Amino acid sequence: MSLTKAQQAGLYKRLIQLKEEVKGSKMKEESMVMESNEISNGIGNHIADHGSVYLDRMTEQTLDQVDDQLEDEIDAALQRMEDGTYGICEKTGIEIPYERLKAVPYTRYSIASKKNEETDQDPHEFDRSFSDQMRDLTNRETMDQKHSDTYERLEEEQGIEWDDDK
């Protein structure tokens, strides 16, 4: 049972709406970045302030990446509509139920295909990456030094060179 014209029109409208929401979210984030840059450029900020700024920037970058991926998925769904392949699972070739498309209008896969994809992934991959990052951030050898990865990234972003004599 393929999608009716009314269903496809409703899904198209929802995809356009989602795309505009993502763009609006990105514009709001950009203004917040400008504000945080103004705050973080102060002289003599405490080390904890720099850590907070770093965490905020990493969070913003992650959210930007998620927004970019979502926008790409939405664009791909709109292209599939134009090509006539929208609503067909890219793995199995079967039609994706309207209820699934209504819930996730940019989906490429049926629920069964998506479940298989998720069970094929290594569940410990994220844990290892997170553990490596935390080990670096809490390394006692670099914690009190101004040559840790955190300081290096802040230096790159802000063009600051730390005075090692202090």
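Is Glu 90 buried, exposed or partly exposed? In this predicted model, local features were considered at pLDDT of at least 70 and side-chain atom pairs only at pLDDT 80 or more, whereas totals for chains, interfaces and linings use all residues. Residues are numbered from 1 along each chain as its sequence is written, and side-chain values use heavy atoms, with hydrogens and water left out.

Glu 90 is partly exposed, its relative accessible area being 41%; here buried means under 20% relative accessible area, exposed means over 50%, and partly exposed lies in between (1.4 Å probe, protein chains only). Side chains of opposite charge can pair when their charged atoms come close. Five salt bridges are present in the structure, a salt bridge being a side-chain nitrogen of Lys or Arg within 4 Å of a carboxyl oxygen of Asp or Glu.

Glu 90 takes part in a salt bridge with Arg 80, with 3.7 Å between the closest N and O atoms. This pair links distant parts of the chain, ten residues apart: Glu 90 is in the loop between helix 2 (47–83) and helix 3 (98–103), and Arg 80 is in helix 2. Helices (H or I, at least four residues) and strands (E, at least two) are DSSP runs, numbered from the N terminus. Arg 80 counts as buried, at 7% relative accessibility.

A salt bridge also joins Glu 90 to Arg 108, where the closest N and O atoms are 3.1 Å apart. Arg 108 lies in the loop between helix 3 and helix 4 (111–120) and Glu 90 in the loop between helix 2 and helix 3, so the pair ties together parts 18 residues apart in sequence. Through salt bridges that share partners, Glu 73, Arg 80, Glu 90 and Arg 108 form one network.
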